[in-house]
Every structure is written in structure tokens, then in C-alpha cells.
Protein chains: 2
Amino acid sequence: MEGRVWNFSAGPSTLPLPVLEEVQRDLLNYGGTGMSVLEMSHRSKTYGGIIGDAEATLRRVLDVPSNYSILFMQGGGTGEFAAAYLNLFASRAVREKQRRLGRPLACDYLVTGSWSKLGKQEVERLGGRVNVAADGAASGYAGIPPAAEWTLGAPDETAFVYYCENETIHGVEVPPSAVVDAVDPSVPVICDMSSNMLSRPVDVGRFGAIVAGAQKNMGPAGVTVVIVRKDLLERDEGDADVTRALPSVLDWSYYDRAGSMPHTPPTFSIYVCGLVFRWAEQQGIRELARRRAARARLVYDEIDAHPAFFRGRVDPACRSEMNLVFNLPTPELEATFLAEAAERRMVQLKGHRSLGGIRVSLYNAMPLEGAEAFAAFMRDFYARHGPQEKD
Amino acid sequence: MEGRVWNFSAGPSTLPLPVLEEVQRDLLNYGGTGMSVLEMSHRSKTYGGIIGDAEATLRRVLDVPSNYSILFMQGGGTGEFAAAYLNLFASRAVREKQRRLGRPLACDYLVTGSWSKLGKQEVERLGGRVNVAADGAASGYAGIPPAAEWTLGAPDETAFVYYCENETIHGVEVPPSAVVDAVDPSVPVICDMSSNMLSRPVDVGRFGAIVAGAQKNMGPAGVTVVIVRKDLLERDEGDADVTRALPSVLDWSYYDRAGSMPHTPPTFSIYVCGLVFRWAEQQGIRELARRRAARARLVYDEIDAHPAFFRGRVDPACRSEMNLVFNLPTPELEATFLAEAAERRMVQLKGHRSLGGIRVSLYNAMPLEGAEAFAAFMRDFYARHGPQEKD
């Protein structure tokens with residue numbers, strides 16, 4: 001559409017244009033109800049249909065097994081850092097295991113970048129016992145230590161294993177089944193998929209829970225999706241201690257029992273997510289995975305063609321296909337790169353303040369043409385600013 | 001606008017039409033940025049302006065003193081039930097008072113309906129010591145016990161006093177300064193204003209904190225506004241116990257230090273709130289208060305004209321001007337009333353399932369014409385279905 005930019009933001013991020021057009025069309029009067037979804041009671045029949053369809057569509061797209069609940073919550077990844085820990089330690093399974101052990105179970109964390117580190121710190125803040133099973137800090141989070149080096153705890157001493165599958169700041173992505181392959185099946189794996197959810201198939205049945213903020217591939221900021229195995233929601237009722245540390249607003253079971261509406265949900269944001277889920281279903285999850293690889297390939301090919309100029313920082317074995325980060329030889333060249341990109345209507349390319357450089361985020365809704373335009377710009381920029389070999 | 005209904009929902013609820021029209025106009029391309037606010041990075045300069053303006057406008061409209069912070073959070077009233085308790089008990093002021101007392105301070109709750117009751121129960125769940133200083137249960141929450149009967153704790157034994165100023169289910173509203181007038185100024189008063197915030201002036205400086213979900217008078221669901229006195233954010237640093245029970249996502253201080261953006265905020269919902277705040281400023285808070293009284297008067301006049309037919313359940317001294325509840329002589333008549341209202345494009349009038357009957361919610365964005373239409377319908381309904389005195 002005329003006047004739109006290529007928006008490479010790491011999130012919130014570009015949404016499918018047909019979704020935005022539908023939102024715009026229905027903004028004053030949704031489906032003949034005479035009101036906007038922004039104004040609609042969450043207890044109305046129409047809204048019940050909207051949230052029900054959103055849940056059912058996501059379930060189909062990701063092929064979520066029937067023994068998993070899908071919850072729509074609030075608070076993003078930050079909320080789930082705490083919720084994952086507090087809910088697991090309220091579950092019957094973890095409490096029984098802890099009773100057998102006779103002392104606190106540990107929480108295993110794979111620290112692969114800023115977000116998994118924040119997740120670990122939240123558990124420490126709340127008094128949990130953390131075992132860092134792997135830490136990419138030595139490489140500046142430019143790679144992930146191989147599974148053979150992970151120091152996972154013994155299964156009967158471990159409450160869960162937690163990792164973040166895609167690190168938006170460091171541009172590192174864990175291969176699809178690397179973690180569930182390495183962990184004893186008796187230990188629930190909790191995965192933060194905030195930034196790569198819905199971009200490729202996932203074998204949900206191998207996870208204890210998947211948590212994700214919506215604002216990358218799924219919709220607007222303000223919705224958190226939780227997919228959790230139902231047995232982990234089971235509790236010993238009648239024991240006040242079970243939920244003494246767990247505020248209701250973070251309680252997965254509370255949301256599960258009330259169809260994600262124990263109180264007013266973020267109605268409009270869930271509606272937009274539902275439209276994105278439908279769009280994703282129309283594309284197909286395998287096609288979305290094919291496209292994400294194709295988009296990323298275009299940019300990594302330019303990086304690999306001139307590695308001394310486009311300085312990719314991440315081990316190719318765990319390069320993210322969502323957030324691609326690189327530096328140029330000097331900060332001045334980086335500033336010129338960003339300025340020239342903006343002139344071409346390519347925006348939100350500045351790297352995270354902790355790393356500098358360039359970050360190009362290529363989520364589901366970024367058309368291949370956007371990645372092509374960016375790769376062409378990289379070539380052009382190299383031709384004009386790269387080493388003048390022929391001079 | 002053609003095709004729109006009169007939407008009397010208790011929340012989410014009707015929004016000002018000019019706000020919706022502006023949202024619709026800018027949905028694909030906000031202010032020439034080439035992207036929707038739905039897609040905009042919260043770290044962009046444009047979004048910094050949007051959230052900064054929202055905060056500044058709300059500060060002007062409610063005349064919020066400079067020693068108060070305004071925070072935009074998530075999780076609604078339910079989140080703040082826990083947050084209020086956990087933040088106060090993390091504050092230096094409360095911890096010092098508790099140290100002096102040598103045992104846990106109590107939390108005083110005024111229970112005036114379902115929402116304050118849920119707030120109280122959340123603190124009990126989290127292990128807090130609650131003192132119910134007043135309880136409207138004996139009257140079925142049709143009235144509020146007079147302040148002279150409240151059993152507030154001694155100031156040096158009380159962490160805070162909590163109340164909900166408007167009960168959407170029971171239709172009870174606490175007069176503006178009734179609570180702050182009754183409480184010792186050394187004890188912070190925490191008020192849940194989810195359903196009457198921004199509908200009348202409030203003397204913010206007399207409160208410890210005001211918390212409110214946005215989805216009544218302020219905007220879409222998914223944003224929680226917290227206005228808190230800055231000294232209550234002060235903590236004893238270096239003491240891990242201070243925040244051991246307080247997840248980051250509920251930590252007022254964490255949001256305060258980061259301008260409400262320690263992580264991705266609900267960007268679009270805050271944007272819409274900002275437009276509503278600007279609309280409210282254009283009307284003026286005193287004018288909004290005048291209008292809310294005028295709207296409610298129209299309906300209560302019909303109730304008072306035929307009290308045996310329109311059976312208002314609430315003590316006139318604490319009738320809500322936001323949510324007006326009444327019953328008709330029979331469930332059959334109530335069903336007919338709702339059906340006939342719907343034919344006149346007046347919707348969302350069914351009372352809460354716990355009370356039945358009729359509930360008409362008249363928030364800021366409901367034009368006087370909407371209340372007039374409803375009152376006219378009540379008269380007409382009475383003429384046709386009321387007692388046939390002349391027969």
C-alpha cells in the first residue's frame with residue numbers, strides 16, 4: 001500500500017497488510033454489531049466467538065494436542081518469567097517430586113542471551129534455586145555451547161528446564177528440537193518462543209509449556225500466549241501454601257478454568273491476533289517456515305559474501321532467522337547505512353543499544369520483497385562504501 | 001454514525017466516536033510514519049511521543065501532583081489486587097512501620113461489593129493479614145455502612161486502607177472523599193477506580209495510590225493505570241527479601257524507573273487511551289462530571305417515579321452514576337424489556353449473572369442522547385407494561 005515503509009522492527013513489528021485492512025474496515029462497526037471490537041463486552045456472544053475462534057485457529061495452525069491448554073494472558077515474556085516458575089512450583093507434579101527429594105528442586109536455565117538471562121534473574125529474585133546448565137556469556141552470546149557441554153541437573157532434582165528459543169538482541173536461535181532432545185522426558189521443558197512462535201512447525205507435545213508475547217509474529221503487544229500441558233495445571237487443593245506466592249494474574253490454572261477470561265482480557269489485541277492466526281493458517285505453517293528461511297538466506301548471503309564488511313557476529317550454526325545482527329567496519333559507516341536505508345523507506349534497523357550495529361528483523365509478515373529490497377540495498381551499499389578493490 | 005448502537009456495556013464499553021474515527025483513519029499509516037501504531041516499536045521516537053503525551057495529558061486532566069508517578073501497566077484490577085499489597089509491603093515506609101510494631105501490619109479493606117471482595121481475597125491468598133473495616137454483605141451490597149461504623153485499625157498497625165470506589169456489579173459508588181476523610185493521613189489509601197476514573201475530579205494528593213483498568217472511561221482493555229505517590233516507591237536496597245514476593249511484572253518501581261517501558265508495553269491500547277485522554281481534556285473534567293450526573297439523573301428519575309415497577313436496589317446515598325441496576329417485577333418482564341430495548345438498538349443491558357435484572361452503564365463516552373433514549377424507553381415500557389391503573 002502506498003506510503004507504507006519496510007518496517008524491520010524487532011517488535012512490535014510489521015503485521016500482514018490484509019489483517020490491518022480488515023481491522024480498519026471493521027473499526028466502527030464489527031460484523032453488524034453496531035460497535036467496535038474496542039468497545040465490546042468480553043461477555044458478549046460475539047466476543048466469545050472471537051476469542052474462541054482465535055484459540056481454535058492457533059490450535060490448528062500449530063497442531064496443539066488436546067492435552068494442552070491455550071491461554072491468552074497479559075504481561076509478556078516478563079510476566080511469564082515469574083509465572084513459569086511460580087506455576088510449576090504450585091503444580092502437584094513438582095511438589096510431589098520435591099517432597100520425595102526432601103529439599104528444593106532446582107530450575108535449569110540455558111542462558112543464550114539477554115532474554116533467557118532475564119528469565120533466570122527473575123527466578124533468583126523470587127528465591128528460586130537456579131542451575132545455569134549452559135551460558136553463552138563467554139562468546140558474548142554469539143553462539144550456544146553444544147548440548148554435550150550442558151550441565152543439566154539430575155531429573156529427580158530438577159523442577160523444569162527453561163530456555164528462550166530466539167534471542168532478539170543477540171540474534172541467536174536454538175534449533176527446533178535441540179533442547180527437548182537433550183532433556184530427560186520426565187522433566188518439563190518450558191520454552192519462551194516470544195520471537196519465533198508461529199514462524200515454523202513445533203512439536204508442542206514435547207514441551208511442558210510454551211510461552212510467548214504476541215508482538216513479533218502473532219499480533220499486537222499486550223497479549224501473552226501460553227500453551228501448557230494440562231497435567232502441569234493440577235494442584236493439591238485445600239493447601240493454602242500452593243498458591244501463596246502466585247498472584248492470580250499469573251496463575252495459569254485460573255485462566256484455564258475461565259477460558260482465558262477470569263477477568264477482562266485484552267479484547268482488541270486478542271481479536272487482532274485471531275486475524276493473524278487465520279492469515280497464518282491460510283499461508284500454512286510449512287510455507288511460513290519456508291519463507292522465513294528464504295528471507296534470512298537473502299541477507300545472510302550478503303553477509304557471507306563480504307564478511308569483513310558485513311560483520312555477522314553469530315556462529316552460523318545458531319544464527320537467528322528472525323533477527324539478523326551485524327556490524328559495519330566503523331560506527332560512521334553504520335550511521336550512513338541507517339540514513340541511506342531510511343531514504344529508501346527501510347526503517348527500524350538500528351541494533352539494540354547494548355550491541356550497536358545493525359539488526360534486521362524478518363518476521364512472518366515481512367514479504368519476501370522486503371528482504372529482497374534490503375539485500376539489494378546491502379549490495380549497493382557495499383559497491384559504494386566497501387573496499388575499492390579496483391582502485 | 002449510521003449503524004451504531006447505544007452500547008450500555010459495563011466494560012469494555014463505548015468509546016468517543018471521534019476517537020474511533022481517528023484510530024480508523026490512521027490505522028495503516030500513523031502520522032506519515034508509513035506504519036500502523038499496531039506495528040510500531042515502543043523504542044521508536046514516535047512511540048515515545050505517543051506514550052509521553054498520554055501520560056502528560058492524563059496528568060493535566062486529573063491535575064496529578066508532581067510527587068505522583070503515572071504508570072501504564074497490564075493485568076487490570078486483578079493484577080493490582082496483588083500489586084497494591086505486594087508493593088506496599090516492599091516499600092520502606094511500610095517495612096519500617098512493621099519493624100517498629102514487631103509483627104505483621106494489617107491491611108484494612110472496605111468491602112462494598114464484588115470487586116473490593118476480590119481484592120481482599122487476593123491479599124488473603126497471598127498470606128496477608130486482612131482487617132475487614134466495613135462490609136456491605138448484610139444488605140446484599142445495596143448500601144455502604146456509614147463511616148462511623150467502620151472498624152479501621154490503629155494507624156501504627158495498618159499498612160494501608162483499600163477500597164473500590166465504584167462497584168460495577170452492585171451499582172454502588174463511594175462518595176468522592178468519604179474514605180480519605182475517614183482515614184488517618186499517615187495511612188496510605190489505595191483506591192481501585194477502574195470504573196469511575198476520569199468521570200469526575202479527584203483530589204489525587206490525598207491518596208497513596210489510585211489503580212484502574214482502562215476499559216470503562218479511559219480506553220480499551222489491556223492497560224492498567226497506576227497513579228502512585230513517589231515516596232511509596234522507595235525501598236531499602238540491597239535487601240533481597242524486599243522484592244522476594246513481588247514479580248517484576250507487578251513491580252510499580254520497576255515500571256516507574258523505566259517510564260512504563262521496562263519491557264514492551266501494550267502499545268496500541270495506550271495510544272487509544274491517549275486519544276481518550278485528549279478528548280477528555282477537550283471536554284474538561286468538570287463538564288464530564290456534570291454530564292455523568294445528568295445522564296444518571298435521567299434514569300434514576302424514572303426509577304424513582306415508579307419504584308414498585310423499576311426496582312432500584314441501591315441506597316440512594318451511594319447509587320452509582322456509572323452502573324445503574326434495577327429489577328422489574330418478574331423475570332419475564334425483564335426478558336421482554338431486554339428484547340424491546342434491543343429492537344431499539346439499545347444493547348448490553350442485561351444485569352450481571354449474580355444479580356439478574358437490568359444494568360445500564362453510563363460511562364463518559366455515552367452521549368446524553370443515549371441516556372435520554374433509554375429513559376424514554378423506560379417511560380414507554382412502563383406505559384405499556386406497568387400497572388393498568390385506569391382499567
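Which residue of chain A forms a salt bridge with B:Glu39? In this predicted model, the partner is A:Arg4, and the closest N and O atoms of the pair are 2.7 Å apart. The legends below begin with the surface on which this pair lies and then turn to views within each chain.

Figure 1. On the side of chain B that touches chain A, the elements giving two or more residues are helix H1 (17-25), helix H3 (76-90), helix H5 (114-125) and helix H8 (267-283) of chain B. Of the elements of chain B, H1(B) gives the most to this side, with six residues. By class, the side of chain B that touches chain A has 27 nonpolar, 29 polar and 11 charged residues.

**Figure 2. The area buried between chain B and chain A.** Contact involves 67 residues of chain B and 67 residues of chain A. About 5200 Å² is buried between the two chains, and carbon and sulfur atoms give 56% of this area. In chain B, the residues that lose the most area to chain A are B:Leu28, B:Glu39 and B:Arg125, which together account for 15% of what that side buries.

**Figure 3. Domain 1 and domain 2 of chain A.** The domain assignment places residues 18-282 in domain 1 and residues 285-385 in domain 2. The centres of the two domains, taken over C-alpha atoms, are separated by 28 Å. In chain A, 26 residues of domain 1 are in contact with 24 residues of domain 2. The area buried between these domains is about 2000 Å², with 54% given by carbon and sulfur atoms.

**Figure 4. The salt bridge of A:Arg292 and A:Glu173.** Across the interface of domain 1 and domain 2 of chain A, one salt bridge is found. In the pair A:Arg292 and A:Glu173, the closest N and O atoms are 2.8 Å apart. Strand E6 (166-167), strand E7 (172-173) and helix H8 (267-283) of chain A are the elements that give two or more residues to the side of domain 1 that touches domain 2. That side of domain 1 has 12 nonpolar, 10 polar and four charged residues. Both A:Arg292 and A:Glu173 belong to a network of salt bridges that also links A:Glu165, A:Arg200 and A:Glu321.

**Figure 5. Two salt bridges within chain A, A:Glu281 with A:Arg60 and A:Asp251 with A:Arg235.** Side chains of opposite charge can pair when their charged atoms come close. The side chains of A:Glu281 and A:Arg60 meet with an N to O distance of 2.7 Å. This pair links helix H8 to helix H2 (residues 45-61) of chain A, its two residues being 221 residues apart. A:Glu281 is partly exposed, because its relative accessible area is 32%, which lies between 20% and 50%. For A:Asp251 and A:Arg235, the N to O distance is also given as 2.7 Å, and both residues are buried.

**Figure 6. The salt bridge of B:Arg200 and B:Glu165.** The side chains of these residues meet at 3.0 Å, N to O. The pair connects the loop between strand E8 (189-192) and strand E9 (209-213) of chain B, which holds B:Arg200, with the loop between strand E5 (158-164) and strand E6 (166-167), which holds B:Glu165. B:Arg200 counts as buried because its relative accessibility is 13%, and B:Glu165 is buried with a relative accessible area of 3%; the limit for a buried residue is under 20%.

How values were computed. Residues are numbered from 1 along each chain as its sequence is written. Chains are lettered from A and ligands numbered from 1 in the order in which they are written. This is a predicted model: local features need pLDDT of at least 70, side-chain atom pairs count only at pLDDT 80 or more; totals for chains, interfaces and linings use all residues. Side-chain values use heavy atoms; hydrogens and water are left out. Domain bounds come from an automatic or database domain assignment. Contact means heavy atoms within 4.5 Å. Buried area is the accessible area (1.4 Å probe) that two parts lose on being put together, summed over both. A salt bridge is a side-chain nitrogen of Lys or Arg within 4 Å of a carboxyl oxygen of Asp or Glu. Helices (H or I, at least four residues) and strands (E, at least two) are DSSP runs, numbered from the N terminus. Ala, Val, Leu, Ile, Met, Phe, Trp, Tyr, Cys and Pro count as nonpolar, Asp, Glu, Lys and Arg as charged, and the others, Gly among them, as polar. Buried means under 20% relative accessible area, exposed over 50%, partly exposed in between (1.4 Å probe, protein chains only).
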